[in-house]
Amino acid sequence: MEFTMHEKTVVTNGQPPVVGTDFPDFKLAAEPDGTVSLADVKGKYTLISVVPDIDTRVCSLSTKKFNQQVDNFPAINFLTVSTNTPEQQKNWCAAEGVSKIKLLSDQEHQFGLSLGLYIETAGIDARSIWLLDKNGTIIYRELVKEMTHEPDYEQVLAKIKTVL
């Protein structure tokens, strides 16, 4: 699938799943818990924000904005996935004072590959937002076509409000 990064076309390894389908199984590294899988988040609605690199301005900004919303939605799992290492994510959280969102590492690229979001030429996953129901079915998806843009926070938060 085509995205742009700084207005230059980049291509992912495939087509991301669509609303109404099951989210692919995953197992990602997490600090300090070890790993988080799809089975770990089932039973609650789950918002997954995929960011290319937590140490860049837009990724940092969007993660902090979602972190500010966590308390408003205690019935929702809030996860952020990046291709950074767990250590880089831990350092970012400490520097930015982010403690509510769980950051998950896709440094092995398996998550991005299984979702069709992996951009091999850049070694990152494409920016996207996913909302899963309690069974792991995709009920909302936003593929942010220009990677340097922020997601539509209001739209996904409005969707969350409709399902709670």
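Select Val 58, Cys 59, Ser 60, Ser 62, Thr 63, Phe 66 and Asn 67: these are the buried residues of helix H2. Buried means under 20% relative accessible area, exposed means over 50%, and partly exposed lies in between (1.4 Å probe, protein chains only). This is a predicted model, in which local features need pLDDT of at least 70 and side-chain atom pairs count only at pLDDT 80 or more, while totals for chains, interfaces and linings use all residues. Residues are numbered from 1 along each chain as its sequence is written, and side-chain values use heavy atoms, with hydrogens and water left out.

**Helix H2**

Now select all of H2, residues 57-69. Helices (H or I, at least four residues) and strands (E, at least two) are DSSP runs, numbered from the N terminus. H2 has 13 residues and reaches 19 Å from its first C-alpha to its last, close to the 18 Å expected at 1.5 Å a residue. The expected span is 1.5 Å times one less than the number of residues. An α-helix has 3.6 residues a turn, so residues three or four places apart point the same way.

What covers the buried residues of H2? The cover includes strands E5 (45-50), E6 (76-82), E7 (102-105) and E10 (128-132), together with helices H3 (86-96) and H5 (153-163). Contact here means heavy atoms within 4.5 Å.

**Salt bridges**

A salt bridge is a side-chain nitrogen of Lys or Arg within 4 Å of a carboxyl oxygen of Asp or Glu. By this rule there are three salt bridges.

Select Glu 96 and Lys 64, whose side chains meet in a salt bridge at 3.0 Å, N to O. Glu 96 lies in helix H3 and Lys 64 in helix H2, so the pair ties together parts that are 32 residues apart in sequence. Glu 96 is partly exposed at 33% relative accessible area, and Lys 64 is partly exposed at 28%.

Next, select Glu 150 and Lys 65, which form a salt bridge at 3.3 Å, N to O. Lys 65 is in helix H2 and Glu 150 in the loop between strand E11 (138-143) and H5, so this pair ties together parts 85 residues apart in sequence. Glu 150 is partly exposed, at 30%, and Lys 65 is partly exposed, at 31%.

Then select Asp 71 and Lys 100, which meet at 2.7 Å, N to O. This pair links distant parts of the chain, with Asp 71 in the loop between H2 and E6 and Lys 100 in the loop between H3 and E7, 29 residues apart. Asp 71 is exposed at 55%, whereas Lys 100 is partly exposed at 41%.

**Aromatic rings**

Rings of Phe, Tyr and Trp (its six-membered ring) pair if their centres lie within 6.5 Å; planes under 30 degrees apart count as stacked, over 60 as edge-to-face and the rest as tilted. The whole structure holds six aromatic pairs.

Select Phe 23 and Phe 111: their ring centres are 5.9 Å apart and their planes at 45°, so the pair is tilted. Phe 23 is in the loop between strand E2 (8-11) and strand E3 (27-30), and Phe 111 is in helix H4 (residues 110-115), 88 residues apart. Phe 23 is buried at 3% relative accessibility, and Phe 111 is buried at 2%.

Phe 73 and Phe 78 are another stop: a tilted pair, 6.4 Å centre to centre with 40° between the planes. Both are buried.

Finally, select Phe 23, Phe 26, Phe 111 and Trp 130, which form one aromatic cluster.
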